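Subject: Structure handover

Hello,

Here is the structure you asked for.

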Amino acid sequence: MSAAPLRVGVVGVGLMGADHAERLVHRIAGADLVAVSDPDTARAAELADRFDGVRAVGDPLDLIAGEDVDAVLIASPGFVHEEQVLACVEHGKPTLCEKPLTMDSESSLRVVQAERKAGRPLIQVGFMRRFDPEYAEMKRLIDSGDLGRILLVHNTHRNRSVADSFRSEMIVRDSLVHEVDVCRWLFGDEIETITVHAPKPTGEAAEGVLDPQVAIFRMAGGGMATSEVFVNSQVGYEVRCEAVAERGNVTIGLGQSVFVRRANQYGGRIPDDFRDRFARAYDAEVQAWVDASRRGEVAGPTAWDGYAATAVCTAGMESLATGRPVTVAMAGRADIFGGGDR
Ligand SMILES: NC(=O)c1ccc[n+]([C@@H]2O[C@H](COP(=O)([O-])OP(=O)(O)OC[C@H]3O[C@@H](n4cnc5c(N)ncnc54)[C@H](O)[C@@H]3O)[C@@H](O)[C@H]2O)c1
Ligand SMILES: O[C@H]1[C@H](O)[C@@H](O)[C@H](O)[C@@H](O)[C@H]1O
């Protein structure tokens, strides 16, 4: 591992970028935040001013090219990820790119191919649930084999509310993409077909938005998963997952760590949003990225995982439009890696 701290630049400093900048400064070892960039230059300057020695850069591509930046954390909107990740690859910089890797499977495949051409792994994708202590324990239990083979997974994913600009297809591409990654990871298998159904929408969703949605995945090895995604639930941030195996089942996300009784009521607290529920997961994710980058490696979800998830969501958006099951179209791994393991 390099003895020097990793000098990190953050691209996009909205909700997630600002949250990651705070964690890089206050909670992550072996990294120095050196630059932030956002087309909203006032927002970037305001964030940079909160910390010592952090500069605000107008053009994200200048930050990526910067000689004082060793590695880049991308937290811009998904539609600019392709250009920015490709620039990072061109400059040989380790990159943590927030999900989704890109907007569709063709562009994600271009990223996989560019990384392959660069000759070394550079990209980690921000599927932070893999770093959540509860999900990690679930994965450990399933992989131990003690419960037998995993048969089914049931996911629930609810946000309190989203902006009216968050349309039906974004529920698939931006929200369901987490369940896609979780299922690929838990089953250790690809999703072969996806069907996305929608009941009559909630009156709390914007006009024309199909919310909630229910997705069904059929895994290549015969497993199956259901996922409810409901982004205007009005309740809070609820993420639950139950894995059903041959001799037992595992549930996470019940949120029962603190149970309070008062004023004729009992219960616990429901988190506001992802930053609250997954704070420890983001910390572990970014720490793993920093550590691996200093070793010249990639930890956690790879560009291939980002591509596979995007390919499933591309099929999912087609299913949402047609109401029919759609087979996921993916390039063969061997065609890209020639039998390698990444
Ligand atoms: N892992 C998670 O749980 C999680 C949670 C929320 C968001 N995300 C992802 O993080 C990313 C950012 O989401 P957010 O919620 O922070 O959005 P946001 O809208 O709060 O912030 C996005 C920021 O990017 C800036 N931006 C716009 N165009 C840009 C460009 N070309 N280059 C750089 N910055 C640009 C905007 O000005 C804004 O400040 C998205 O990819 C989103 O899917 C992940
Ligand atoms: O971009 C966000 C983020 O990925 C959250 O984790 C998810 O719960 C939201 O639904 C999505 O919009």
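This is a predicted model: local features need pLDDT of at least 70, side-chain atom pairs count only at pLDDT 80 or more; totals for chains, interfaces and linings use all residues.

Annotated domain

An unreviewed UniProt entry lists residues 6-126 as "domain: Gfo/Idh/MocA-like oxidoreductase N-terminal". In the model, this span is 42% helix and 21% strand.

Ligand 1

There are 23 residues around ligand 1, and those that come nearest are Gly12, Gly14, Met16, Ser76 and Glu98. Helix 1, which covers residues 15-26, gives the most to this shell, with 3 residues. Sorted by class, the shell around ligand 1 holds 11 nonpolar, 6 polar and 6 charged residues.

Ligand 2

Which residues surround ligand 2? They are Asn159, Asp174, Ser175, His178, Val231 and Phe274. Helix 7 gives the most here, with 3 residues. By class, the shell around ligand 2 has 2 nonpolar, 3 polar and 1 charged residues.

Helix 7 and helix 10

Helix 7 also packs against another helix. Its residues are 168-187, and its partner, helix 10, spans residues 303-322. The two axes lie 8 Å apart, at an angle of about 135°. Helix 7 and helix 10 are therefore oblique to each other, and the crossing is right-handed. On the helix 7 side, the contact is made by Ser168, Glu169, Val172, Arg173, Leu176, Val177, Val180, Asp181 and Arg184. Helix 10 contributes Asp305, Ala308, Ala309, Val312, Cys313, Gly316, Met317 and Leu320. The residues of this contact divide into 10 nonpolar, 2 polar and 5 charged.

Helix 4 and helix 5

The other pair is helix 4 (residues 81-90) and helix 5 (residues 105-118). Their axes come within 10 Å and cross at roughly 5°, which makes helix 4 roughly parallel to helix 5. From helix 4, the residues in the contact are Glu82, Val85, Leu86 and Val89. In helix 5 they meet Ser107, Arg110, Val111, Ala114, Glu115 and Ala118. By class, the contact of helix 4 with helix 5 has 6 nonpolar, 1 polar and 3 charged residues.

Regards

Key. Residues are numbered from 1 along each chain as its sequence is written. Chains are lettered from A and ligands numbered from 1 in the order in which they are written. Axes are lines fitted to C-alpha atoms, for helices over the stretch in contact, and angles run from 0 to 180 degrees between N-to-C directions. Helices (H or I, at least four residues) and strands (E, at least two) are DSSP runs, numbered from the N terminus. Angles under 35 degrees count as roughly parallel, over 145 as roughly antiparallel, 65 to 115 as roughly perpendicular and the rest as oblique. A crossing is left-handed if the near helix is turned anticlockwise from the far one by less than a right angle, and right-handed if clockwise. Two residues are in contact if their C-beta atoms, placed from the backbone, lie within 7 Å. Ala, Val, Leu, Ile, Met, Phe, Trp, Tyr, Cys and Pro count as nonpolar, Asp, Glu, Lys and Arg as charged, and the others, Gly among them, as polar. A residue is near a molecule or strand if its C-beta atom, placed from the backbone, lies within 6 Å of it. UniProt positions are given in the numbering used here, feature names are shortened, and annotations may be inferred rather than shown by experiment.
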